2 protein chains.
Amino acid sequence: MIDNNVLDAGVDAALPRGLDELAQMVAIPSVAAQGSSPMVPCAERVADLLRARGLEARLVPTDGGPPVVFAEDRSAGVDAPTVLFYNHYDVQPAEPLDLWDSPPFELSVRDGIAYGRGTSDDKGHITCRLMALDALRAANNGRLPVNVKVVIEGEEEVSSVHLPAWIEANANVLHADVCLWEFGGVDEGGHPEIICGLRGIAYFELRVKTIAYDAHSGLGGSLFPNAAWRLVWALSTLKDADERILLPGHYDVVKPATDYDLELLAALPSQEAWLKREYGVEQFLGGATGVEYQRRAVFEPTCTICGLRSGYQGQGAKTVLPSQAMAKVDFRLVPDQDPETVRHALRAHLDAHGFDDVEVVYLGGQRPARVDPRHPMVTLCARIAREVYGTEPSLIPLVGGSGPIHPFVVGLRQPVVTCGCGYPGARAHAPNENLRLSDLVLGARHTARFLAALAAGEGGLQGNA
Amino acid sequence: MIDNNVLDAGVDAALPRGLDELAQMVAIPSVAAQGSSPMVPCAERVADLLRARGLEARLVPTDGGPPVVFAEDRSAGVDAPTVLFYNHYDVQPAEPLDLWDSPPFELSVRDGIAYGRGTSDDKGHITCRLMALDALRAANNGRLPVNVKVVIEGEEEVSSVHLPAWIEANANVLHADVCLWEFGGVDEGGHPEIICGLRGIAYFELRVKTIAYDAHSGLGGSLFPNAAWRLVWALSTLKDADERILLPGHYDVVKPATDYDLELLAALPSQEAWLKREYGVEQFLGGATGVEYQRRAVFEPTCTICGLRSGYQGQGAKTVLPSQAMAKVDFRLVPDQDPETVRHALRAHLDAHGFDDVEVVYLGGQRPARVDPRHPMVTLCARIAREVYGTEPSLIPLVGGSGPIHPFVVGLRQPVVTCGCGYPGARAHAPNENLRLSDLVLGARHTARFLAALAAGEGGLQGNA
């Protein structure tokens with residue numbers, strides 16, 4: 001049995017090195033969305049940090065994207081549990097640069113908070129895992145008590161385009177008993193959050209081109225098809241004003257929230273008043289309130305127009321009949337919806353309504369997936385959180401955002417749990433992204449103690465490598 | 001009786017001075033849309049050119065816009081007919097400047113064509129009228145054979161915002177037997193066009209703001225009203241896919257084309273094949289063809305989305321729920337529709353459909369008006385055109401564009417006729433706007449001979465000053 005106090009002290013001792021290594025990672029602007037960004041050097045740096053902990057690490061190519069860093073340490077043996085860390089080494093663009101108080105690609109620690117792009121999302125979480133490994137090794141005679149596999153991709157911020165295929169192709173080396181997700185942390189009240197699922201997404205651009213070039217509205221109004229009108233009419237067939245999505249069969253495979261899900265939602269700290277105040281709305285759509293607002297926020301599929309563009313957008317009047325129009329539309333998906341199904345249904349629906357002139361460009365998607373909130377791994381992760389944070393964790397059955405969770409949960413049949421160092425003020429994706437060092441320490445303790453508990457046979461695991 | 005040959009020779013003789021004065025006007029960049037433009041100096045220059053012909057000219061203020069140049073010569077006496085010239089001294093912006101082959105505000109004559117902003121629209125037409133006055137005076141012992149009134153406004157290119165009120169306020173000095181419109185000229189085949197009416201217009205910006213700022217689509221999709229969706233749903237209630245405008249009562253006051261209108265349309269040179277080829281459409285809306293396409297093109301009201309803007313318009317996917325959305329919408333109006341009625345109907349319609357969150361900003365409008373194509377003034381204008389151009393004129397009952405015709409035709413009860421120096425290649429509003437000198441001469445002859453015919457008692461006029 002590894003002693004928790006020794007483990008906690010080991011995390012504290014690992015902090016200086018962790019921060020130094022975080023600074024090394026932040027210094028490499030691995031912006032996946034920007035073609036010239038140094039993705040491979042960042043992957044190599046991350047692999048080196050894993051090798052320094054005794055893991056075998058290598059860069060594995062994807063089919064056209066940046067490499068995945070894959071590493072493992074199986075020295076705990078075939079009877080010990082195996083944990084897989086999923087993280088990513090790519091980051092969001094730093095723009096707008098003038099809103100940063102210190103250079104985005106230079107770690108700056110002020111008043112116990114580390115600033116820089118990726119400090120939270122997700123290089124800080126890589127550091128959190130590395131510190132946990134350091135502490136575990138120090139408390140266990142230099143050896144890891146569980147087998148560890150690490151998957152750190154380079155495209156999470158651009159929809160993990162190549163990850164699902166990569167996982168499928170490498171499934172034989174990715175077996176594990178549990179997957180630690182790339183994020184985790186606390187809410188506004190300091191309660192740790194255990195997240196059990198992510199919605200999926202299907203993102204489309206709808207394009208219409210009706211005539212060779214824009215026409216004078218006095219000439220063309222009665223003669224030429226107007227791209228903006230075609231788009232408006234097509235969009236209006238996708239969702240009615242009661243927020244019901246009108247694609248045939250769209251709700252057929254939706255798994256409604258269970259009574260237990262609703263219990264969990266009801267137990268969460270309510271953000272209702274804050275959200276209404278922050279966004280300046282008197283009520284939510286459909287007048288939803290209480291647990292019903294929480295249910296709708298995550299368990300209902302959505303169809304969001306994210307952008308519209310056509311014709312003249314400047315000041316005043318220009319009498320033009322637009323030849324082209326464009327809409328960006330995202331569908332958030334709940335289990336067991338699938339972006340490919342939505343893609344085909346959208347095309348068929350538009351055709352059936354006479355909109356075969358509306359081009360549908362699929363910009364990417366992710367499948368939704370959930371872990372049963374009563375899964376023993378979730379229960380164990382929550383119990384450890386309660387001990388580390390000294391407060392009741394929030395068990396969240398599903399969140400509204402999306403991520404590449406499906407290949408792990410369904411493809412690899414791994415329960416996913418979350419522990420980490422995020423908080424609501426982390427400004428992920430925004431200027432002055434940051435990491436509170438106290439959160440980093442707590443997240444690393446949570447990670448380390450969770451792995452130690454697995455090694456001690458908690459969570460009901462039989463040995464499995 | 002004024003001799004036509006003498007008149008024609010007088011026009012020829014007036015050309016050098018006309019071109020010199022056109023150069024003076026073109027050199028003043030009187031761009032109404034650009035606040036810093038020298039509107040008053042241009043108005044003064046135009047007034048001086050009229051004074052040089054013996055007219056009393058003055059600048060009359062409008063209620064907030066550039067002054068109107070008003071001039072008159074009533075020396076023909078109370079028994080002679082009175083003609084009113086309507087023109088404008090403002091011009092469109094010259095941008096994009098790099099597409100001009102010579103400086104836009106410098107008259108350049110090359111191969112019998114004069115280039116420069118305003119050479120056609122409308123300073124060239126002012127020159128056309130001045131040359132006609134010169135020729136009439138030279139052929140009539142230094143005196144004009146008819147009374148002449150001149151209204152030259154400075155806001156035609158920005159919807160003649162102040163002109164209707166100005167006309168109403170000055171109606172007592174604007175009496176005339178006939179109004180010569182600001183434009184005229186020939187079609188592709190060299191046939192002079194006599195235009196008997198203009199559609200009206202009502203132009204709106206629809207704005208929606210639902211939440212304080214853009215939300216993450218994963219958070220807000222089920223909770224917050226989406227400005228883009230609100231706009232799409234609101235727009236889709238305005239017109240159905242069969243192009244039927246759904247504002248209550250919108251068609252109640254529409255005067256359909258008469259059998260004679262349809263006869264006139266059928267006699268026009270068909271642009272059907274050219275339009276389809278030019279705009280790359282296989283058929284017009286509703287499959288209209290022949291005289292039915294010509295009827296729809298001008299005698300049907302339209303509702304055109306001229307622009308759309310909301311949320312993210314860049315490359316790729318951004319998962320955002322837009323807080324704001326905007327559409328530009330123009331309604332083309334046919335007699336006897338009225339922009340004020342449309343304005344009120346639009347607000348009431350949106351409210352009735354639950355869209356009181358959609359703000360309606362009225363950006364301006366003009367009322368439609370027509371002159372009976374069998375009016376003696378139209379018949380006379382066409383007969384003179386046949387003589388001057390040596391070919392059959394096209395009598396056009398209504399055109400699709402809009403202009404401030406209503407205050408003259410309905411407010412002042414003046415028949416409006418068109419004669420002038422335009423042609424389809426004039427590039428009005430575009431770079432390399434131009435005027436063929438042969439058209440200028442023909443347009444001035446048409447103008448001069450028309451006035452001489454009026455003076456000779458043709459057109460059935462009793463003396464009226």
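Let me begin with a definition: I call two residues in contact if their C-beta atoms, placed from the backbone, lie within 7 Å. Please keep in mind as well that what we are looking at is a predicted model.

By the definition I opened with, ten residues of domain 1 of chain A are in contact with six residues of domain 2 of chain A. On the domain 1 side of that contact, the element that gives the most is strand β18 of chain A, residues 399–402, with three residues, and the residues of this side divide into three nonpolar, seven polar and no charged.

Let me now turn to the two chains. Here 59 residues of chain B are in contact with 61 residues of chain A. Looking at the side of chain B that touches chain A, we find that strand β12 of chain B, residues 302–311, gives the most to it, with nine residues, while the residues of that side as a whole divide into 31 nonpolar, 19 polar and nine charged.

That brings me to the strands themselves. Which strand of chain A pairs with β12(B)? The partner is strand β12 of chain A, residues 302–311, and the two pair in the antiparallel sense over five bridges.

Key:
Residues numbered from 1 in each chain as written. Chains lettered and ligands numbered in written order. Predicted model: local features only at pLDDT ≥ 70, side-chain atom pairs only at ≥ 80, totals over all residues. Helix = DSSP H or I, 4+ residues; strand = E, 2+ residues; numbered from the N terminus. Nonpolar A, V, L, I, M, F, W, Y, C, P; charged D, E, K, R; others polar. Pairing = 2+ DSSP bridges.
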